[in-house]
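Below are some notes on the model, set down point by point for a colleague who will want to follow them with the coordinates open.

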Protein chains: 2
Amino acid sequence: MDQPAIGDVFGEMIRDAYAVRTGIGPRPLAGGRVPRPVIEIIERDDGLINGAPADHYLAEPAEWQPHDHRALRLVRGAVLDIGAGAGRTALVLQHRGMAVTGLDTSAGAIEVARKRGLRDTVLNTVDAYARSGSRYDTFLLLGNNLGLIEGPERAPVFLAALAELARPGARIIAQGTDPYGTTDPVHVAYHRRNRDRGRLGGQLRLRLRYRMLATEWFDYLNCSVPELAGLLAGTRWRLASVDTEDRPYYLAVMELQP
Amino acid sequence: MDQPAIGDVFGEMIRDAYAVRTGIGPRPLAGGRVPRPVIEIIERDDGLINGAPADHYLAEPAEWQPHDHRALRLVRGAVLDIGAGAGRTALVLQHRGMAVTGLDTSAGAIEVARKRGLRDTVLNTVDAYARSGSRYDTFLLLGNNLGLIEGPERAPVFLAALAELARPGARIIAQGTDPYGTTDPVHVAYHRRNRDRGRLGGQLRLRLRYRMLATEWFDYLNCSVPELAGLLAGTRWRLASVDTEDRPYYLAVMELQP
C-alpha cells in the first residue's frame, strides 16, 4: 500500500472547507457530482484514528463555543494570533479595529485567511518569527492551541520565543483541554502508556491526514492546569488566571514577569 | 507507530452511531464530556483517505436518497438484504409485511439491527449461506453494495452463490456507482493505475478504520453499466434494466436465467 505524501494537510483541508462553505473554488465531490463533507483525520501513535468535520475552523462567532467569546474579552493591545488558521478569531479582532497579526505554518491556511480579508499575516514558525523584531501585547493560542507547547522539552523553548516577541506586561491567552476527565479505556490506557515512556499522560503523538497528504508525526499537548503550572516554572511566564467553566476545556492567562 | 488491530470496524462504528442517534448505549465523547460525531474512515491503496459521517447507515426513509425508494418498489417475494448493516432498508420491508432476511458479516451491525427490531438476521458470508438451503425471490445490494462483487475474479463466484440461493425468476436489485464521471486528477490517476495493473478502473482496494480497529484490505467495485454487463456474461444473471436517474449512482436489476 502506498504511503501518503508529506504536505500541507491543514491548508488543503481548509481550502476545501472554505469552498464548501462559500462556494468559492472547486468543491470536493463524490462520484464527480455529490458534495462531500470535509473531514479532518487525526491518527495517534497507538493506532487510534478519529475524523472530525473541518467546518468549525471557519465558524462565525454565532457558532463559537462560549469560551472563545470569553477569550476575546481578555485581549488588549497588539495581538499575535498563533495558529491563526483561516483567520476565524483574527478576522473578528481586525473587524473590531484591533491590531492583529495571524501567524500560521500552513501556506494554504494563510491563503484562505487573506482571501477572507485578514490583512496582516505571517507564514512562519514562532521560533523564526521571534527574530523579526516585532512586539506584541497579547498572544492568542485558541482552538486548543495550548497544545502547541508540545511537552516538557519544547514548552520552555516555545515560551522563550513568545517572551522575545513580548512587550512588557504581555499576556498569553491559551485554550487547553484537561484530558484526564475521561473514563474511556482507550484514552486511559494511552495516558498510562505515555507515562510509562516518561511523557506526560496527554502528550499526544499525532499526524493529520487529508486526501493524499499526511503531516509528519508531531507532539501536541493536552495537559491539566497543574501540569501547565509545572511547565511554566522557570520560564518568564506566570499563570495569572484559569477559566474552567467549559470543562474539559479551559482558558489560561499567563503574564510576562517583569 | 502501532498498527491498528484487525476487527469488526463496521460493527463498532454502527454501535456508536446508534448510540448517538438514539441515546441508547455509551456515546463517543471528546475529553470525556463533549459528544463526537461518528465518522467512517476509508483508506485506499494509493494513500487516499476519506472520512464520512456514519449516521446515514441509520437514516429513516424521509432522509434517504431517491433511488433507495425506487429500489424498494422493485422488490417482490422473499427478500435477502445483503450487507444489511443496521437494517436500514430491511426494517422498512419488514414493517410492510414482507419476508425479509438481513445478512451481514459484521456481528456488531447484526446486533444493532436486532435491537432495532429486525427479526430474521444471518451473520454469515453469502458463500457460506448459499449452502443453507434457503431460497429467495429478491436479492438487495443497496447502499452501493453492488461493490461487493469486487471485480472480474470474484463476481462470477459471488453471482453463482446468489444463483444457488435463488428461486426461479429471482432478481438482484443492486445500487452501483459509475466512477468515470469525475475529473478529479486523484481519481483519474487511480483509475489509470488500476488499469495498468490489469484491474478495472474503479476496482477499489480499501480498508475501513474506526478508532483502534482496521479491516483487512479488500476489493470493492465501482463499475460502469457496460462493465457490469461484461461481468454478467457467462453467469446465470441477465441485466434486465438500469435506472440512471441519480447519476453517478444507478440501480441495476438482474434476472435469473431459466
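**Notes on the predicted model**

1. The area buried between chain A and chain B is about 3,400 Å², with carbon and sulfur atoms giving 56% of that area. The model is a predicted one, and the interface should be read with that in mind. In terms of contacts, 36 residues of chain A meet 36 residues of chain B.

2. Charged pairs also cross this interface, where the rule finds six salt bridges between chain A and chain B. A:Asp2 takes part in a salt bridge with B:Arg193, and the closest N and O atoms of the two are 2.6 Å apart. Side chains of opposite charge can pair when their charged atoms come close.

3. Over all chains, the same rule gives a count of 47 salt bridges. Within chain A, the side chains of A:Arg21 and A:Asp55 form a salt bridge with an N to O distance of 2.8 Å. Because A:Arg21 sits in helix H1 of chain A, while A:Asp55 belongs to the loop between strand E5 (49-53) and helix H2 (66-72) of chain A, the pair ties together parts that are 34 residues apart in sequence.

4. Chain A contains an open sheet of seven strands, whose order is E8-E7-E6-E9-E10-E15-E14 and whose pairing is mixed. At its edges are strand E8 (121-123) and strand E14 (237-243) of chain A, each of which pairs on one side only. Neighbouring strands of the sheet are turned against each other by 20 degrees on average, direction ignored. Strands of a sheet pair through backbone hydrogen bonds, either parallel or antiparallel.

5. Looking at one end of that sheet, E14(A) pairs with strand E15 (residues 249-256) of chain A in the antiparallel sense, over six bridges. Within this pairing, the bridge partner of A:Asp243 is A:Leu251 in E15(A). H4(A) also packs on the sheet, where it touches strand E7 (100-104) and E8 of chain A, and its direction makes about 165 degrees with that of E8(A). Helix H6 (residues 154-164) of chain A lies across strand E6 (79-82), strand E9 (136-141), strand E10 (166-177), E14 and E15 of chain A, and runs at about 140 degrees to E10(A).

6. In chain B, an open sheet of seven strands has the order E8-E7-E6-E9-E10-E15-E14, again with mixed pairing. Strand E8 (121-123) and strand E14 (237-243) of chain B stand at the edges with a single partner strand each, so one side of each is left without a neighbour in the sheet. From one strand to the next, the twist averages 20 degrees.

7. Strand E9 (residues 136-141) and strand E10 (residues 166-177) of chain B pair in the parallel sense over five bridges, and B:Leu141 has B:Ala174 of E10(B) as its bridge partner. Helix H8 (residues 225-232) of chain B packs on the sheet and touches E14 and E15 of chain B, its direction making about 165 degrees with that of E14(B).

8. How do the helices H1 and H4 of chain A pack, and at what angle? Helix H1 (residues 9-22) and helix H4 (residues 107-115) of chain A pack at about 30 degrees, and their axes are 7 Å apart. The contact is made from H1(A) by A:Phe10, A:Gly11, A:Ile14, A:Arg15 and A:Tyr18, and from H4(A) by A:Gly108, A:Ala109, A:Glu111, A:Val112 and A:Lys115. By class, the contact of H1(A) with H4(A) has five nonpolar, two polar and three charged residues.

9. Some backbone details deserve a check against the coordinates. The peptide bond joining A:Arg247 and A:Pro248 is cis, with omega about 5 degrees, and A:Pro248 lies in the loop between E14 and E15 of chain A. In chain B, the bond from B:Arg247 to B:Pro248 is cis with omega near 5 degrees. A:Asn144, which is not a glycine, has a positive phi of about 70 degrees and lies in the loop between E9 and H6 of chain A. Most residues other than glycine have a negative phi, and most peptide bonds are trans.

10. As for annotation, an unreviewed UniProt entry lists residues 79-169 of chain A for "domain: Methyltransferase". In the model, this span is 35% helix and 24% strand, and its end C-alpha atoms lie 13 Å apart.

Terms used
Residues are numbered from 1 along each chain as its sequence is written. Chains are lettered from A and ligands numbered from 1 in the order in which they are written. This is a predicted model: local features need pLDDT of at least 70, side-chain atom pairs count only at pLDDT 80 or more; totals for chains, interfaces and linings use all residues. Side-chain values use heavy atoms; hydrogens and water are left out. UniProt positions are given in the numbering used here, feature names are shortened, and annotations may be inferred rather than shown by experiment. Helices (H or I, at least four residues) and strands (E, at least two) are DSSP runs, numbered from the N terminus. Axes are lines fitted to C-alpha atoms, for helices over the stretch in contact, and angles run from 0 to 180 degrees between N-to-C directions. Contact means heavy atoms within 4.5 Å. Ala, Val, Leu, Ile, Met, Phe, Trp, Tyr, Cys and Pro count as nonpolar, Asp, Glu, Lys and Arg as charged, and the others, Gly among them, as polar. Two strands pair if DSSP finds at least two bridges between them. Buried area is the accessible area (1.4 Å probe) that two parts lose on being put together, summed over both. A salt bridge is a side-chain nitrogen of Lys or Arg within 4 Å of a carboxyl oxygen of Asp or Glu.
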